[in-house]
Amino acid sequence: MSDDEAAAFLAQERTVTCATIGPRGWPHLMPLWYVVREPPHGAPAPRLWSWTYAASQKVRNVAREPRATLQVEAGESYEELRGVMLECEVQNHRDLQTVARLGEEIMLRNALPRGSDPPAELPVEGRAMIEAQAPKRVGLEFVERRRASFDHRKLGGTY
């Protein structure tokens with residue numbers, strides 16, 4: 001995929017599989033909802049952000065080894081398969097305001113069926129749920145270091 005195709009793909013999908021290294025040296029794979037945020041000034045690529053429970057295994061893994069491999073993929077049949085794999089350094093964010101804002105972004109992006117226009121802001125009950133969850137969670141910022149992508153639709157039926 002070109003950079004533009006990969007950006008469009010990441011913008012349309014919702015779930016990333018996050019691989020960290022577990023305490024016994026085995027890959028630990030878990031799905032996460034994510035948002036794509038523009039990079040800080042001067043950084044080369046947009047960043048995927050997610051949130052998860054602070055006590056989760058992936059957070060403990062990243063504290064020990066702050067690297068993760070992410071994969072976002074789609075397609076049912078072989079000729080439809082496509083995806084983006086990112087090797088990343090991971091930054092943990094524990095500031096309550098940062099985590100709560102991230103939780104709101106994730107919910108606005110993912111809580112409605114695909115194709116639905118999200119509201120400008122979460123309803124009161126949604127914000128209350130985020131406020132209750134945020135103290136238990138951390139924000140994960142995935143800083144891309146290397147990317148690989150694939151799109152079997154471009155193969156034209158030739159494998």
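## Around T20

Leaving aside neighbours within four places in sequence, T20 touches W26, P27, H28, K58, N61, V62, R67 and A68. This is a predicted model, so every value here is computed from it. You can find T20 in strand β1, which covers residues 15-21.

Is T20 buried or exposed? Its relative accessibility is 2%, so T20 counts as buried, the cut-off being under 20%. One of its contacts, N61, is also a polar partner: the side chains of T20 and N61 are joined by a polar contact of 2.8 Å.

## Out at the surface

Now let's look at Y159, in the segment after β7 (137-151). With a relative accessible area of 55%, Y159 is exposed, because that word applies to values over 50%.

## The whole protein

Stepping back, the protein has 4 helices and 7 strands. Starting at the N terminus, their order is α-β-β-β-β-α-β-β-α-α-β. The radius of gyration is 16 Å, close to the 15 Å given by the globule rule for 159 residues, so the protein is as compact as a globular protein of that length. Along the principal axes, its C-alpha atoms fill a box of roughly 50 × 40 × 35 Å.

Of the 159 residues, 38% are buried. Among contacts between residues at least 6 apart in sequence, 68% link residues at least 24 apart. The accessible surface comes to about 9,400 Å², and carbon and sulfur atoms account for 53% of it.

Key. Residues are numbered from 1 along each chain as its sequence is written. This is a predicted model: local features need pLDDT of at least 70, side-chain atom pairs count only at pLDDT 80 or more; totals for chains, interfaces and linings use all residues. Side-chain values use heavy atoms; hydrogens and water are left out. Helices (H or I, at least four residues) and strands (E, at least two) are DSSP runs, numbered from the N terminus. Buried means under 20% relative accessible area, exposed over 50%, partly exposed in between (1.4 Å probe, protein chains only). A polar contact is a pair of N or O atoms within 3.5 Å; within protein, one must be able to donate a hydrogen and the other to accept it, and residues adjacent in sequence count only if both atoms are side-chain atoms. Contact means heavy atoms within 4.5 Å. The radius of gyration is taken over C-alpha atoms; the globule rule is 2.2 Å times the number of residues to the power 0.38. Accessible areas come from the Shrake-Rupley method with a 1.4 Å probe; for residues, only the protein chains shown count as cover.
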